[in-house]
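The following paragraphs lead the reader through one protein model, from its overall composition to individual residues. Please keep the sequence and the coordinates at hand while reading.

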Amino acid sequence: MVADLVPEKRHGLLIQEARLIARRVPNLVLLFIGRGDRRGHWRRQWHEALEGIEVRWVTDCDRASDWLGAYDVLVSPSSQEAFGRAVAEAMLAGVPVVARDAGGPGDFIQDGRTGLLVRARHRRPGDLAAAVLRLVEDRAFAASVAARARASAVERFAPEKMARRLAETYEQILRHAVGVAGEDGEESDE
């Protein structure tokens with residue numbers, strides 16, 4: 001999981017579900033990358049819940065994307081994401097993703113094709129674990145999801161394409177602003 005250690009990122013949800021995953025994946029390793037004021041508190045709080053599961057914390061990292069190769073699956077249990085940069089970067093890196101359908105990831109992940117989405121509302125306990133296990137236990141499926149995710153992410157998020165779309169958006173805004181200004185009242189030559 002790549003996310004700052006703040007409540008809305010829902011680290012605790014992944015930790016609850018990790019117990020279910022560990023029953024079928026005995027060599028489970030959780031890698032948490034992120035910053036936050038309460039990391040020491042949270043580590044102590046979660047220590048008991050994670051007993052028997054190997055946990056690695058990377059808290060002083062400027063480029064979390066450098067660590068994506070360490071993931072078999074990136075999990076994003078966040079309850080609210082405006083965009084979901086870590087998810088997009090994982091897709092670009094060819095790492096299969098499980099995310100909640102809250103915000104950004106729900107807009108750009110095609111469930112079952114470019115990642116797996118878990119409902120944010122009306123979630124049932126075990127939903128997140130089931131999605132992770134599907135990718136971990138079916139490596140061929142995970143590889144096909146990762147390949148489609150990478151192709152989709154390159155199409156959507158490659159820097160040059162993002163820059164072009166941003167420029168097009170600004171041009172549309174400017175054309176609209178100029179059109180509105182012209183309609184509101186033209187300056188007279190008097």
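Two strands are taken to pair if DSSP finds at least two bridges between them. With that criterion in place, Arg-100 can be located in the sheet: this residue stands opposite Val-118 in β5.

The model is a predicted one, and its confidence deserves attention before any detail is read. The protein chain has an average pLDDT of 79, and 77% of the residues score at least 70. Confidence is lowest in helix α2 (residues 39-49), with a mean of 67, and highest in helix α5 (residues 127-137), where the mean is 93. Where pLDDT is low, the predicted coordinates should not be read in detail.

In overall composition, the protein chain contains seven helices and five strands. Along the sequence these elements follow the pattern α-β-α-β-β-α-β-α-β-α-α-α. The chain has 190 residues, of which 39% count as buried. Among contacts in the protein chain with a separation of 6 or more, 58% are made by residues 24 or more positions apart.

The sheet comes next. Three strands form an open sheet in the order β3-β4-β5, and their pairing is parallel. β3 (74-76) and β5 (116-118) each have a single partner strand and stand at the edges, so one side of each is left without a neighbour in the sheet. From one strand to the next, the twist averages 15°. Strands of a sheet pair through backbone hydrogen bonds. On one side of the pairing, three bridges join β3 to β4, and Val-75 has Val-98 in β4 as its bridge partner. Three bridges also join strand β4 (residues 97-100) to β5, where Ala-99 stands opposite Leu-117.

The side chains of β4 can be followed in the same way. In a regular strand the side chains alternate between the two faces of the sheet. Val-97 and Ala-99 point one way from β4, whereas Val-98 and Arg-100 point the other way, and all are buried.

Two further residues show how this region is packed. Ser-76 lies in strand β3 and has a relative accessible area of 11%; because the cut-off for burial is under 20%, Ser-76 counts as buried. Leaving aside residues up to four places away in sequence, Ser-76 touches Glu-81, Val-87, Val-98, Ala-99 and Arg-100. Gly-115 is placed in the loop between α4 (104-108) and β5, and its relative accessibility of 0% makes it buried. With the same exclusion of residues up to four places away, Gly-115 touches Val-97, Ile-109, Gln-110 and Val-145. Gly-115 and Leu-74 are 41 residues apart along the chain, yet their C-alpha atoms are separated by 9.8 Å.

The helices complete the account. α5 lies across β3, β4 and β5, and runs at about 170° to β5. Helix α6 (residues 139-157) has 19 residues and reaches 25 Å from its first C-alpha to its last, close to the 27 Å expected at 1.5 Å a residue. Which residues of α6 are buried? They are Phe-141, Ala-142, Val-145, Ala-146, Ala-149, Ser-152, Ala-153 and Phe-157. These residues cover an arc of only 140° around the axis, which puts them on the same side of α6. An α-helix has 3.6 residues a turn, so residues three or four places apart point the same way. Val-145, one of the buried residues of α6, is also among the residues touched by Gly-115.

Definitions and conventions:
Residues are numbered from 1 along each chain as its sequence is written. This is a predicted model: local features need pLDDT of at least 70, side-chain atom pairs count only at pLDDT 80 or more; totals for chains, interfaces and linings use all residues. Side-chain values use heavy atoms; hydrogens and water are left out. pLDDT is the predictor's confidence in each residue, from 0 to 100. Helices (H or I, at least four residues) and strands (E, at least two) are DSSP runs, numbered from the N terminus. Axes are lines fitted to C-alpha atoms, for helices over the stretch in contact, and angles run from 0 to 180 degrees between N-to-C directions. Contact means heavy atoms within 4.5 Å. The expected span of a helix is 1.5 Å times one less than its number of residues. Buried means under 20% relative accessible area, exposed over 50%, partly exposed in between (1.4 Å probe, protein chains only). The arc is that of the directions from the helix axis to the C-beta atoms.
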